[in-house]
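Here is a short briefing for a first look. Keep the sequence and the 3D view open as you read.

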Amino acid sequence: MRILAIESSALTASVALCDEFNILAQYSVYHKKTHSQTLLPMIDEIMRMSELTPSDLDAVAVTKGPGSFTGLRIGMASAKGLCLALDIPVIAVSTLEALAANLIGSRENISPIMDARRNQVYTGLYDALRLPKALEKERAIGILQWIDILNKRGEAVAFLGDAVAVHADTIAKSIKVPFRFASANQLLQSAASLSVIAVDYYKKGIFADVDGLVPEYLRLSQAERERQEKLKENQSESNVEAQSAEK
Amino acid sequence: MKIDNLGTINILAIESSCDETAAAVVQNGRKVLSNVISSQIALHEIYGGVVPELASRKHMENINPVIRQALAQAGIKLPDIDAIAVTNGPGLVGALLVGVAEAKAIAYALGKPLIGVHHIEGHIAANYIEHPDLEPPFFALVVSGGHSMLIRVADYGSYELLGSTRDDAAGEAFDKVARAIGLGYPGGPKIDRAARKGDPKAIDFPRAKIEDAPLDFSFSGLKSAVLNYINGCEMKGVSWSQEDVAASFQEAVVDVLVRNSMEAVREYGIKRFALAGGVSANTLLRARLESKLDAAGVRFFCPSLILCTDNAAMIGAAGYYAYMNGIRDGLDLNAQPNLELPMEVK
């Protein structure tokens with residue numbers, strides 16, 4: 001069994017090839033976000049280095065979000081195209097769950113934090129002693145609010161992800177449970193980590209619908225958000241009007 | 001270019017540059033085996049225009065079903081496809097990226113050639129589909145949301161620019177005016193419809209003429225004149241007619257487009273003239289241009305309505321001639337929102 005794993009949800013562009021027991025190749029670049037240009041050539045490169053052709057693949061795994069909207073779409077459209085053309089299944093894994101797999105074997109809980117801008121992080125909480133198991137559902141949340149939740153849980157936690165660089169000081173100041181930050185080699189997205197989960201999904205037969213699969217953005221588009229706020233405003237205004245009319 | 005007979009070439013074409021997700025299978029550049037378009041108009045209508053992020057999200061949902069439908073309707077299996085053509089610009093970058101990533105993955109998986117197609121080259125090639133006898137050289141008026149230009153199609157994939165807009169594109173003016181007079185999105189068809197009930201002579205909007213370049217266009221003054229007219233009426237408390245403004249505005253745009261086209265006919269002794277781009281769906285423009293060109297003894301070509309709006313069949317047609325010209329793109333093909341059509345300036 002051979003799986004191609006694609007991770008392009010943030011700055012990192014990472015692709016990996018694995019079989020049931022081994023990572024055959026991984027290629028990760030943490031430089032600039034030009035995923036649309038680099039991703040397919042990277043896939044082509046690791047396939048050739050591994051002496052494989054596309055028809056040797058049994059499945060394609062891809063992170064389904066959260067993350068950069070555009071980055072997610074580039075990875076997922078690539079996965080969709082490959083699976084459509086090769087007629088193989090797609091495995092879709094949460095970006096945060098795949099990140100947590102960087103720290104498999106840890107005794108602390110794992111909190112992957114991705115910079116979601118607007119003073120928020122995309123995060124969740126995982127037990128990753130073995131394959132990651134979700135303890136808190138994933139969300140977009142303010143970092144202080146999130147630390148509050150972790151403090152209330154009262155358990156030790158390891159942080160990783162690109163938001164560590166953004167919020168390390170804030171975390172150090174506000175957190176009351178034992179904590180650590182992942183080292184640089186484990187800090188960011190890795191398609192090898194994704195492929196560890198993908199192998200488990202493959203064996204369990206957990207596949208996504210190739211055609212229907214869409215990213216889990218965890219956020220509305222700006223236009224939708226603004227429209228909802230406006231509708232809410234109008235609604236509360238008309239409620240006030242209705243109330244004053246009753247009086 | 002001389003087209004050697006290489007037998008049957010089937011191109012799978014993908015287009016996602018704006019608010020339509022489209023796929024098609026085109027044989028030898030001229031025969032459309034399927035042309036599937038999933039329109040997003042309903043999605044964007046409540047926002048009064050195309051919302052780029054929503055368009056990109058919708059493309060993700062639609063892309064695979066649209067491609068599968070195009071293959072099924074054509075009765076073609078993927079191994080029988082000879083090349084993948086995809087619009088890689090210009091357009092909305094996030095929207096383009098979905099089609100480009102998908103096309104690259106399919107081309108890579110199948111080991112087939114990949115061809116990036118300029119959206120406007122697709123619009124020009126739409127004319128080949130229904131007119132088997134149309135071959136370069138010929139002249140074309142290209143009018144869309146981003147372009148207004150008169151060109152000479154010297155050969156397949158070879159263009160000379162004769163005149164272009166100095167400011168707004170014609171389609172852009174349609175969209176902006178439609179919003180200003182409360183018609184909303186999509187501006188082109190809505191103005192077309194409203195204008196049928198209005199008086200095209202009700203308001204005398206300006207027809208800009210550029211002194212030293214009689215084939216160039218300018219539409220920003222016209223757009224401002226429409227806005228000023230409405231503001232003026234409202235300040236004076238005078239009511240104005242949406243239909244009359246739509247009709248008078250459309251009349252002014254079409255006047256200018258036709259005037260410059262006929263100027264080009266006179267200057268270059270044109271015998272064959274094609275209309276291309278989204279605005280070529282405009283009823284008045286099609287009719288007026290046809291009658292003027294007819295009277296001048298010039299053959300007029302224009303795609304049917306379904307091939308005027310964004311579609312993938314036209315990308316397949318243009319992709320075929322690029323394929324025959326030996327053009328191949330690498331797996332590093334990128335979406336380019338401001339991609340320019342390489343052109344010689346005359």
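Buried residues make up 55% of the 346 residues in chain B. Keep in mind that this is a predicted model.

**Chain B overall**
- Chain B holds 11 helices and 11 strands.
- Its radius of gyration is 20 Å, close to the 20 Å that the globule rule gives for 346 residues, so chain B is as compact as a globular protein of that length.
- Along the principal axes, the C-alpha atoms of chain B fill a box of roughly 65 × 45 × 30 Å.
- Among contacts in chain B with a separation of 6 or more, 75% join residues 24 or more positions apart.

**A helix pair in chain B**
- Two packed helices are described by the angle between their axes and the distance between the axes.
- Helix α5 (residues 170-180) of chain B and helix α7 (residues 220-236) of chain B have axes that come within 10 Å and cross at roughly 5 degrees.
- Angles under 35 degrees count as roughly parallel, and α5(B) and α7(B) are therefore roughly parallel to each other.
- From α5(B), the contact uses A173(B), K176(B), V177(B) and A180(B).
- From α7(B), it uses L222(B), K223(B), V226(B), L227(B) and I230(B).
- By class, this contact of α5(B) with α7(B) has 7 nonpolar, no polar and 2 charged residues.

**Domains of chain B**
- Chain B is divided into domain 1 (10-127 + 308-340) and domain 2 (136-304).
- The centres of these two domains of chain B, taken over C-alpha atoms, are 27 Å apart.
- Their contact takes 17 residues from domain 1 of chain B and 20 residues from domain 2 of chain B.
- On the domain 1 side, the elements giving two or more residues are α1 (41-45), α4 (119-130) and α11 (313-324) of chain B.
- α4(B) gives the most to that side, with 5 residues.

**Domains of chain A**
- The domain assignment of chain A gives domain 1 (3-96 + 189-222) and domain 2 (104-186).
- Taken over C-alpha atoms, the centres of these domains of chain A are separated by 24 Å.
- The contact draws 11 residues from domain 1 of chain A and 11 residues from domain 2 of chain A.
- Helix α6 (residues 191-204) of chain A supplies the largest share of the domain 1 side, 3 residues.
- By class, that side of domain 1 of chain A has 7 nonpolar, 2 polar and 2 charged residues.

Terms used: Residues are numbered from 1 along each chain as its sequence is written. Chains are lettered from A and ligands numbered from 1 in the order in which they are written. This is a predicted model: local features need pLDDT of at least 70, side-chain atom pairs count only at pLDDT 80 or more; totals for chains, interfaces and linings use all residues. Helices (H or I, at least four residues) and strands (E, at least two) are DSSP runs, numbered from the N terminus. The radius of gyration is taken over C-alpha atoms; the globule rule is 2.2 Å times the number of residues to the power 0.38. A residue is buried if 20 or more other C-beta atoms lie within 10 Å of its own, exposed if 12 or fewer, and partly exposed in between; C-beta atoms are placed from the backbone. Two residues are in contact if their C-beta atoms, placed from the backbone, lie within 7 Å. Axes are lines fitted to C-alpha atoms, for helices over the stretch in contact, and angles run from 0 to 180 degrees between N-to-C directions. Angles under 35 degrees count as roughly parallel, over 145 as roughly antiparallel, 65 to 115 as roughly perpendicular and the rest as oblique. Ala, Val, Leu, Ile, Met, Phe, Trp, Tyr, Cys and Pro count as nonpolar, Asp, Glu, Lys and Arg as charged, and the others, Gly among them, as polar. Domain bounds come from an automatic or database domain assignment.
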